[in-house]
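Biologist: I would like to go through this model and hear the grounds for each label. Please set each value against its cut-off before concluding.

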Amino acid sequence: MAADTNVPPGVVKAREALKDVPHEPGAKKKDPILVADKVVRRFGGLTAVQVDHIEIQRGAITALIGPNGAGKTTFFNLLTGFDKPNEGNWNFNGSPLAGVPPHKVARKGMVRTFQLTKALSRLSVIDNMRLGATGQKGESFWQGLIPALWQGQEKEITERADELLVRFKLDAKREDFAGSLSGGQRKLLEMARALMVQPDMVMLDEPMAGVNPALTQSLLGHVKSLREDGMTVLFVEHDMDMVRDISDWVIVMGQGQVIAEGTPDTVMADPRVIDAYLGAHHDGTAHDSAEVAAEVAAEAEGGKSDE
Ligand SMILES: Nc1ncnc2c1ncn2[C@@H]1O[C@H](COP(=O)(O)OP(=O)(O)OP(=O)(O)O)[C@@H](O)[C@H]1O
């Protein structure tokens, strides 16, 4: 069979790496960049995360989906050092990361995006980018500590920031307050900021939330370009169109656990996944599967306008 010359090399590589991976929770990958075991996070009596085993394929785009309250954000926070687990271990690029603080996690090459907070909104776009070079979320950290960290590398950091602003078409907004950007431009800034540390893996928290349709394609294009640049992407998203469009692999969480894994089409047709969404949102009345699938799709659509 002739190779499809229109498929970008990053996509071919990711598909090849995942083609024989079984579609089951905790499936082993050919070349995992991240491997986590027995990660548990409890809040009082509630077990928010209880992930037995998870592997993320290097160079692929993996979506982490699941109904509200499934534990996706908590799991992201644990992996990136912003929260501490009750139990569990994980390795990134072969080095253990449990207990490592966020800025060190970022320097090891794993970085997550953050929604722009109030403090960050009051900084200019270029200052947000410079702050991204520390792998820090910002907040109280930026005031005192940053200038010291910048000494000697300020020029290099600013040059990289400016290059990224051009790539993400935010250069005209360089001096504007980040708070003045539109929803979509904020998402672009969040992504550009994360790239300041030159990561191997980027974790995106709801990259499409609040994005106007005019910027949707541009955002999707930027996420796909990360894969073409050899980066691994793990993202949490409720927008099922986006999940279907850009993911090589989908991992589904339900009640803190991984309940399904596979390619987007397999996962979205999986009765366990449909049940998990219905269990979280509906009264449990029996439906036939076509009706249920339509409801899940409608919920995903509705979820978008709620954000
Ligand atoms: N700091 C906290 N204190 C107490 N409970 C928490 C805390 N953070 C999360 N939880 C609870 O843990 C569970 C998992 O929440 P989490 O936000 O991780 O889910 P999610 O899958 O990201 O949901 P969503 O899609 O709505 O963002 C929820 O029941 C939530 O109420």
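This is a predicted model: local features need pLDDT of at least 70, side-chain atom pairs count only at pLDDT 80 or more; totals for chains, interfaces and linings use all residues.

Biologist: Why is α2 called largely enclosed by the rest of the structure?

Modeller: A residue is buried if 20 or more other C-beta atoms lie within 10 Å of its own. Six of the eight residues of α2 are buried, so the helix is largely enclosed. The buried ones are K72, T74, F75, F76, L78 and L79.

Biologist: Where in the chain do E237 and S182 lie?

Modeller: E237 is in the loop between β8 (232-236) and α10 (240-246). S182 is in the loop between α7 (154-167) and α8 (183-194).

Biologist: Which residues does E237 touch, leaving out those up to four places away in sequence?

Modeller: E237 touches A63, I65, E206, P207, M208, M242 and V243. The C-alpha atoms of E237 and E206 are separated by 4.6 Å, although the two residues are 31 apart along the chain. For S182 and H238, 56 residues apart along the chain, the C-alpha separation is 20 Å.

Biologist: What makes β6 and β10 edge strands?

Modeller: Take the sheet first. Six strands form an open sheet in the order β6-β7-β8-β3-β9-β10, with mixed pairing. β6 (110-112) and β10 each have a single partner strand, so one side of each is left without a neighbour in the sheet. On average, neighbouring strands of this sheet are turned by 20 degrees against each other, direction ignored.

Biologist: How do you know that β3 and β8 pair?

Modeller: Pairing requires at least two bridges between the strands. β3 (residues 61-65) and β8 have four bridges, in the parallel sense, so they count as paired. Helix α9 (residues 213-228) lies across β3, β7 (201-205) and β8, at about 145 degrees to β8.

Biologist: What does V233 touch, and what is its place in the core?

Modeller: Not counting residues up to four places away in sequence, V233 touches I61, T62, V202, L204, V223, L226 and R227. The largest nonpolar core has 76 residues, and V233 is among the four that touch the most other members, together with A192, V202 and V252.

Biologist: In which sense do β9 and β10 pair, and over how many bridges?

Modeller: β9 (residues 249-254) and β10 (residues 257-262) pair in the antiparallel sense over five bridges. I251 stands opposite E261 in β10. The hairpin of β9 and β10 has two residues between the strands, and Q255 takes a positive phi near 50 degrees.

Biologist: What is the strand order of the open sheet of four strands, and how is it paired?

Modeller: The order is β2-β1-β4-β5, with antiparallel pairing. β2 (46-57) and β5 (95-96) are the edge strands, each pairing on one side only. Helix α2 (residues 72-79) packs on this sheet and touches β1, β2 and β4, with its direction at about 65 degrees to that of β2.

Biologist: How do you know that β1 and β4 pair?

Modeller: The requirement is again at least two bridges. β1 (residues 32-43) and β4 (residues 87-92) have five, in the antiparallel sense, so the pairing stands. V35 has N91 in β4 as its bridge partner.

Methods
Residues are numbered from 1 along each chain as its sequence is written. Two residues are in contact if their C-beta atoms, placed from the backbone, lie within 7 Å. Axes are lines fitted to C-alpha atoms, for helices over the stretch in contact, and angles run from 0 to 180 degrees between N-to-C directions. A nonpolar core is a set of buried Ala, Val, Leu, Ile, Met, Phe, Trp, Tyr and Cys residues joined through C-beta atoms within 7 Å. A residue is buried if 20 or more other C-beta atoms lie within 10 Å of its own, exposed if 12 or fewer, and partly exposed in between; C-beta atoms are placed from the backbone.
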